[in-house]
Amino acid sequence: MALNKSLNKFKGKERQNDCAMDVDLWGDLQKYIPLEMVYEKLPLQSFFLLREVCKSWNSIACERRGFKDLIPRPYFVLMPFSWSKPKLLAYNISRGEWIWKRIVERKTPLKPPVLAFSLHGMLYSSDRYRFPARELQLYVMDTHVSKEYLLPTLPALEQEVSWDGMVVDTTVTPHTFKIIRGDVDFGTQIYDSTTDSWSSNLAKPSCRRPPHLTTCVDFNNSLYIRSVAPDIITVYDLQKAVWSRLNPPEQLPDARTYGGSLGTWQGRLFTVTEHHDGVSFDSISVCELQTSSLEWREYLRMPSNLYNRWFSCEDDKIWSSFCGEYVLMIAWLHRSCEFDQPKHMCLCSLATRTWEMFDAPHDIVGGRVEVSDDF
């Protein structure tokens, strides 16, 4: 092949002069290697720097060539308190700033208390019990294609406690998914989007306390679900159909890490916790699960100067979300379920172990949020 001949030619010249660079080879390299393959490997900030090279590279960045997803990573679905107003935060390449991406509004707005969480851009939510039938309606919104799925009626409806999670197959487009609902009385009910049907088994989670503000992720053929109150992680083995419990990283009961989310990167499981030095909270850490001992070990800690300046206010809640190698930390001002706004944001890279502060994309707390239909 032409590429092999060029490489052999290069090797020959390299033996003559280790510092020589074959202009013919490197000048025509784009003919043999699709540049989109290179762009996919670039770190986020490096990809954005393409805009500064020349007009053609600026077009490449603005057209998002190299992004496999319709929504460029990293993106985050935010809904820690206002369940009725979920937002998607993403980076607008052409404008060079973070923006809110419009999520198609549901016909029936959600009102607390509801079960709601997101995974891989798939937003799971449920209506309250509807009078007089007392049916629970479940929904999944695919933010990638702006499509909402109305799930069939549950075969058995729990009355009090269920642990809900989701498994998403991101290798296909649109993504397919499974909803796993573990009930302490009925057992486990599983919805499969490929068959649009429910199945069930007798496996029951052991925790009878109702979860609140849950997040989930699938890891090593198991579904991990973390609840804020109580601060518990339940685990469902997808192969053995067995429920178990896992202790989260140790933190005080009054820690402000609402939405202590779970995330995976390079085959490893991570979560977030807030540190206490014995007198007061002093930092936030990303912790990694040690699969051999099932214990959590600190992987990365937010620098004290960032925490003290932006995240130490006792009136704020700390919310987090994972997207691949990135973790978004938010100082969130919460007054009620109808009034809550992000104040300060920090993007953490697990790959480079860096922290980057940026302002929440809105004018004032409580003010109108600008949203966009594109990137």
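Predicted model: local features only at pLDDT ≥ 70, side-chain atom pairs only at ≥ 80, totals over all residues.

**Exercise 1.** Determine how many residues of strand β6 (residues 138-142) are buried.

*Solution.* A residue counts as buried under 20% relative accessible area. Five of the five residues of β6 are buried, so the strand is largely enclosed by the rest of the structure. L138, V140 and D142 point one way from β6, while Y139 and M141 point the other way.

**Exercise 2.** Identify the strands that are joined to β6 by bridges.

*Solution.* Begin with β5 (residues 122-126): five bridges join this strand to β6, and the two run antiparallel. Within this pairing, M122 has D142 as its bridge partner. Next, consider β7 (residues 147-150), which is joined to β6 by four bridges, again in an antiparallel arrangement. Here M141 stands opposite E148. Four residues lie between the strands of the β6 and β7 hairpin, where S146 takes a positive phi near 55 degrees.

**Exercise 3.** Classify the ring pair of Y236 and W243 as stacked, tilted or edge-to-face.

*Solution.* Planes under 30 degrees apart count as stacked, over 60 as edge-to-face and the rest as tilted. The model has eight aromatic pairs. The rings of Y236 and W243 have centres 4.8 Å apart and planes at 45 degrees, so the pair is tilted. As for burial, Y236 has 2% relative accessibility and counts as buried; W243, at 11%, also counts as buried.

**Exercise 4.** State which residues form one aromatic cluster with Y149.

*Solution.* The cluster consists of Y149, F177, Y191 and W198. Of these, Y191 and W198 are both buried.

Notes:
Residues numbered from 1 in each chain as written. Heavy atoms only, no water. Buried < 20%, exposed > 50% of the residue type's maximum accessible area, 1.4 Å probe, protein only. Pairing = 2+ DSSP bridges. Phe/Tyr/Trp six-rings, centres within 6.5 Å; stacked < 30°, edge-to-face > 60°.
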